[in-house]
Amino acid sequence: MHIFSELSNLVFPTRCYGCNILGVNICSTCRREWIPHYYRTHANTLNVHSAVIYSSIASKIILAAKENGLQGADDLLIAAIVHVLNKAQLGKNISNKDCFTLVPVPSSKQSQRRRGRSFVVDLTRAISRHTGITVNDCLQISRRVSDQAGLTRTQRSANMHHAFSLKPGAILRGDAIVIDDVVTTGATLQEAARALNSQGFHAFGSVCAVTACVSQPLR
C-alpha cells in the first residue's frame with residue numbers, strides 16, 4: 001500500500017489546495033490561514049459557530065472539496081467543524097449526543113448531479129462518524145434558487161426566501177445544529193432555521209448553526 005501511494009504521487013503529484021505548489025495537500029504558509037479557532041457570530045437571531053476566517057486560501061480549500069471532490073480538502077472542512085462542535089457552548093452538554101441532531105444544508109439537484117454527491121450531506125455524515133451525533137437530513141430545496149456567488153446581502157436574502165422545506169415524513173427531536181461550509185451573510189442558515197421552525201420545531205428544540213468558515217464581517 002505504501003509503494004502504491006508513492007507511485008500514485010509520482011503519476012499524480014500532490015499540490016497545495018491553497019497555492020498549488022507541489023508537495024503536500026496544504027503547505028505550511030497556507031496552513032497558517034487554516035488553523036481552526038472558534039468564532040461566534042449572529043445571523044439575525046441565529047447563533048453561528050465557526051472555525052476559520054474566510055479568506056482566499058479558505059475559498060480554494062472549499063472549492064477543492066465542493067467542486068473537485070478532493071478527500072484531503074473534505075478532511076480539512078470536517079476537522080474544522082468537529083473542532084467547533086467540541087468548543088462551542090450550545091446550551092447543553094455536547095457529550096449528551098441524544099440532545100442534538102446535525103442538519104445539513106441541502107444541495108440543489110443540479111449541483112448533486114454535477115458533483116456526483118450532496119456535498120454538505122456527505123460532510124455531515126463524516127462529522128457524525130467522528131462525533132457520534134446523529135444526522136437528520138430533513139431539509140430539501142423546494143423551489144429554484146440562483147447561485148449565491150456575487151449576490152449582495154439583499155439579493156441573497158431574496159434568493160433564499162422560503163427556498164427550503166422539510167422533507168415529507170421528517171421527524172424533528174432534540175436541538176438542531178445546522179451544518180454548512182461557510183457563512184457569508186447568513187441568508188442560507190436563516191432560511192434553514194425558518195424551515196425547521198415553521199413546523200413548530202422551536203416548541204421542542206432550539207436551532208443554531210456550525211460552519212467551517214465565516215466571512216468577517218458578515219456581508
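Trainee: Is the crossing where helix 4 passes helix 6 right-handed or left-handed?
Mentor: Right-handed. Bear in mind that this is a predicted model.

Trainee: What angle do the axes of helix 4 and helix 6 cross at?
Mentor: Roughly 55 degrees, and the axes come within 10 Å. That angle makes helix 4 oblique to helix 6.

Trainee: Which residues make the contact there?
Mentor: Helix 4 brings D74, L77, I78, I81, V82 and L85. Helix 6 brings F119, L123, A126, I127, H130 and T131.

Trainee: What about helix 3 and helix 4, at what angle do they pack?
Mentor: About 120 degrees, with the axes 7 Å apart. Helix 3 and helix 4 are therefore oblique to each other. Helix 3 passes helix 4 in a left-handed crossing.

Trainee: And which residues touch in that pair?
Mentor: On helix 3, look at I61, I62, A64 and A65. On helix 4, look at A73, D74, L76 and L77.

Trainee: L77 again. What does L77 touch?
Mentor: Leave out residues up to four places away in sequence. Then L77 touches W34, I62, A65, F119, L123 and A212.

Trainee: Let's talk cores. How many residues are in the largest nonpolar core?
Mentor: The largest nonpolar core has 40 residues. Those with the most contacts inside it are W34, I61, L77, I127, I177, I179 and C213.

Trainee: Which helices and strands each supply at least two residues of this core?
Mentor: The helices are helix 3 (56-66), helix 4 (71-87) and helix 6 (119-131). The strands are strand 2 (46-53), strand 3 (100-104), strand 7 (175-183) and strand 8 (207-214). Helix 4 gives the largest share of this core, with 9 residues.

Trainee: What other core is there?
Mentor: There is a second, separate core of 25 residues. It includes V48, C138, F164 and L189.

Trainee: On to strands. How many of strand 8's residues are buried?
Mentor: 8 of its 8 residues, so to speak of cover, strand 8 is mostly covered.

Trainee: In which sense do strand 2 and strand 8 pair, parallel or antiparallel?
Mentor: Parallel, over 5 bridges. V48 stands opposite A209 in strand 8. Further along, look for V52, which stands opposite C213 in strand 8. C213 also came up among the residues with the most contacts in the largest core.

Trainee: And strand 7 with strand 8, parallel or antiparallel?
Mentor: Parallel, over 7 bridges. The bridge partner of V178 in strand 8 is A209.

Trainee: Do strand 1 and strand 2 run parallel or antiparallel?
Mentor: Antiparallel, with 5 bridges joining strand 1 (residues 39-43) to strand 2. R40 stands opposite H49 in strand 2.

Trainee: What sits between the strands in that hairpin?
Mentor: There are 2 residues between strand 1 and strand 2. In this hairpin N44 takes a positive phi near 60 degrees.

Trainee: Changing topic: where does L196 lie?
Mentor: In helix 8 (residues 187-197).

Trainee: Is L196 buried or exposed?
Mentor: Buried. Its relative accessible area is 0%, and buried means under 20%.

Trainee: How far apart are the C-alpha atoms of L196 and S206?
Mentor: They are separated by 9.5 Å. Along the chain, L196 and S206 are 10 residues apart.

Trainee: Last bit, the whole chain. How many helices and strands are there?
Mentor: The protein chain has 8 helices and 8 strands. Buried residues make up 47% of its 219 residues.

Trainee: And what share of the contacts comes from residues 24 or more positions apart?
Mentor: They account for 70% of the contacts with a separation of 6 or more.

Key:
Residues numbered from 1 in each chain as written. Predicted model: local features only at pLDDT ≥ 70, side-chain atom pairs only at ≥ 80, totals over all residues. Heavy atoms only, no water. Core = buried A, V, L, I, M, F, W, Y, C linked by side-chain atoms within 4.5 Å. Buried < 20%, exposed > 50% of the residue type's maximum accessible area, 1.4 Å probe, protein only. Helix = DSSP H or I, 4+ residues; strand = E, 2+ residues; numbered from the N terminus. Contact = heavy atoms within 4.5 Å. Pairing = 2+ DSSP bridges. Axes fitted to C-alpha atoms, helices over the stretch in contact; angles between N-to-C directions. Parallel < 35°, antiparallel > 145°, perpendicular 65-115°, else oblique. Left-handed = near helix turned anticlockwise from the far one by under 90°.
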